[in-house]
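Please keep the structure in view while reading.

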Amino acid sequence: METVPSKRTLAFPRWHERQLFHAFAWLATCLLGGVVIATILEFVGLDTPGITPLITLVVLYVTGLMTIAAWRRFWGLLSWTQHCAGRATCARCGAYGRFDVATGAIAIPAECRRCGHRWTIEPS
Ligand SMILES: [Zn+2]
């Protein structure tokens with residue numbers, strides 16, 4: 001039996017809400033990374049004897065990279081979501097967000113549910 005992969009679609013307002021939720025989950029991850037870095041510096045520090053400062057620096061470096069990656073992910077997702085929100089109004093009838101979005105799509109083909117006008121929201 002052959003299965004065809006289904007393309008899941010969401011109404012634009014629901015898709016937008018989910019994108020914002022994911023973006024702010026990345027922001028929370030970024031802030032958590034900052035808390036971890038501050039905690040390590042406060043409770044372990046770099047003025048301990050032996051190899052501990054070297055290990056601490058490695059852990060801080062890795063945590064810092066993960067925190068920066070989380071921030072970049074947050075900002076990219078937030079920017080994309082707001083970019084799409086700014087282009088979600090139908091040029092013909094003025095309806096806002098009255099179309100479905102295929103999840104995971106890079107460019108979003110939109111077809112207004114009110115008047116049938118078609119346009120594509122592409123990455124900037
Ligand atoms: Zn329309």
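A crossing of two helices is called left-handed if the near helix is turned anticlockwise from the far one by less than a right angle, and right-handed if clockwise. The model considered here is a predicted one. In it, helix α1 passes helix α2 in a left-handed crossing. By class, the contact between α1 and α2 comprises 22 nonpolar, twelve polar and one charged residues.

Helix α1 spans residues 12-43 and helix α2 spans residues 52-85; their axes come within 8 Å and cross at roughly 160°. Angles over 145 degrees count as roughly antiparallel, and α1 and α2 are therefore roughly antiparallel to each other.

With a relative accessibility of 45%, Ala69 counts as partly exposed. Ala69 and Leu31 are separated by 38 residues in sequence, and their C-alpha atoms are 12 Å apart in space.

The discussion now turns to the metal site. The zinc ion has as its protein donors the SG atoms of Cys90, Cys93, Cys112 and Cys115, which lie 2.3 Å from it. Along the chain, these donors follow the spacing C-x2-C-x18-C-x2-C. Cys90 is found in the loop between α2 and β2 (100-102), and Cys112 in the loop between β3 (108-111) and β4 (118-121), so the pair ties together parts that are 22 residues apart in sequence. Cys90 and Cys112 are both buried. The angles among the four donor atoms of the zinc ion are 100 to 115°, and the site is tetrahedral.

How values were computed: Residues are numbered from 1 along each chain as its sequence is written. This is a predicted model: local features need pLDDT of at least 70, side-chain atom pairs count only at pLDDT 80 or more; totals for chains, interfaces and linings use all residues. Side-chain values use heavy atoms; hydrogens and water are left out. Axes are lines fitted to C-alpha atoms, for helices over the stretch in contact, and angles run from 0 to 180 degrees between N-to-C directions. Helices (H or I, at least four residues) and strands (E, at least two) are DSSP runs, numbered from the N terminus. Angles under 35 degrees count as roughly parallel, over 145 as roughly antiparallel, 65 to 115 as roughly perpendicular and the rest as oblique. Ala, Val, Leu, Ile, Met, Phe, Trp, Tyr, Cys and Pro count as nonpolar, Asp, Glu, Lys and Arg as charged, and the others, Gly among them, as polar. Donors are N, O and S atoms within 2.8 Å of the metal (3.2 Å for Na, K and Ca); water is not among the atoms, so sites may look incomplete. Four donors count as tetrahedral if all angles lie between 85 and 135 degrees; four count as square planar and six as octahedral if opposite donors are over 155 degrees apart and all others between 65 and 115; anything else is irregular. Buried means under 20% relative accessible area, exposed over 50%, partly exposed in between (1.4 Å probe, protein chains only).
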